[in-house]
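Me: Hi! Could you walk me through this structure with a few questions and answers?

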Amino acid sequence: MRLNPGRLIGRGLLFAVAASVAAVFFIDYCHLVYDCGCVSLWAGGAAHCNIQTPGPPDCPFCAHGGLASGALVSAVAVQAAVLFVPGKPGTLRRAGLALLAFPVVVGAVGLVAGIALGYWA
């Protein structure tokens, strides 16, 4: 199956939107998963995160930047796969799945990391 150039450009634009949503709202999702105090990038980001106060708990994503980066990169990789791997799903379905990939992948990584690091203990 060969993609025509117009469809490829359209999927590229969808990918740019989906990846941008993931990047911009990652820190908000961090707070949703860990209730750590992080706020939107334009409102201070991690300035109010619990890593700013001495003692535990420390937000796993903010305390371990590599973990946060890995979660975000994994989500964006899944978004790319959903949008560019050949198959039958239509453009609207692919767009929805790409947007859904962000909370699912980052949420799964966040849950596993929180349990493994004893964040909720």
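**Overall picture**

Reply: Happy to! Of the chain's 121 residues, 31% count as buried. Please keep in mind that this is a predicted model.

Me: In what order do the elements of the chain run from the N terminus on?

Reply: The chain has four helices and zero strands. Its C-alpha atoms fill a box of roughly 55 × 30 × 20 Å along the principal axes. From the N terminus on, the order of the elements is α-α-α-α.

Me: Thanks! Are helix 1 and helix 4 roughly parallel or roughly antiparallel to each other?

Reply: The axes of helix 1 (residues 5–34) and helix 4 (residues 91–116) come within 10 Å and cross at roughly 30°. Angles under 35 degrees count as roughly parallel. Helix 1 and helix 4 are therefore roughly parallel.

Me: And how many nonpolar residues does the contact of helix 1 with helix 4 have?

Reply: The crossing of these two helices is right-handed. Residues making the contact include Phe25, Phe26 and Tyr29 of helix 1, and Phe102, Pro103 and Val106 of helix 4. By class, the contact has four polar and two charged residues, while its nonpolar residues number 16.

Me: Nice. Which element gives the most residues to the largest nonpolar core?

Reply: That core has 20 residues, and Phe26, Cys30, Tyr34, Cys36, Cys59, Phe61 and Val106 have the most contacts inside it. The elements giving two or more residues to the core are helix 1, helix 3 (65–84) and helix 4. With seven residues, the one that gives the most is helix 1.

Me: Which residues does cysteine 59 touch, leaving aside those up to four places away in sequence?

Reply: Cysteine 59 is among the residues with the most contacts inside the largest nonpolar core. Leaving aside residues up to four places away in sequence, cysteine 59 touches Cys30, Tyr34, Cys36, Cys49, Asn50, Ile51 and Tyr119.

Me: Is the peptide bond from proline 56 to proline 57 cis or trans?

Reply: Proline 57 lies in the loop between helix 1 and helix 2 (60–63). In general, most peptide bonds are trans. From proline 56 to proline 57, however, omega is near 0°, and the bond is cis.

Me: Last one: is aspartate 35 buried or exposed?

Reply: Aspartate 35 is found in the loop between helix 1 and helix 2. Its phi is near 50°, a positive value in a residue other than glycine. Exposed means over 50% relative accessible area. With a relative accessible area of 60%, aspartate 35 is therefore exposed.

Notes
Residues are numbered from 1 along each chain as its sequence is written. This is a predicted model: local features need pLDDT of at least 70, side-chain atom pairs count only at pLDDT 80 or more; totals for chains, interfaces and linings use all residues. Side-chain values use heavy atoms; hydrogens and water are left out. Axes are lines fitted to C-alpha atoms, for helices over the stretch in contact, and angles run from 0 to 180 degrees between N-to-C directions. Angles under 35 degrees count as roughly parallel, over 145 as roughly antiparallel, 65 to 115 as roughly perpendicular and the rest as oblique. A crossing is left-handed if the near helix is turned anticlockwise from the far one by less than a right angle, and right-handed if clockwise. Contact means heavy atoms within 4.5 Å. Ala, Val, Leu, Ile, Met, Phe, Trp, Tyr, Cys and Pro count as nonpolar, Asp, Glu, Lys and Arg as charged, and the others, Gly among them, as polar. A nonpolar core is a set of buried Ala, Val, Leu, Ile, Met, Phe, Trp, Tyr and Cys residues joined through side-chain atoms within 4.5 Å. Buried means under 20% relative accessible area, exposed over 50%, partly exposed in between (1.4 Å probe, protein chains only).
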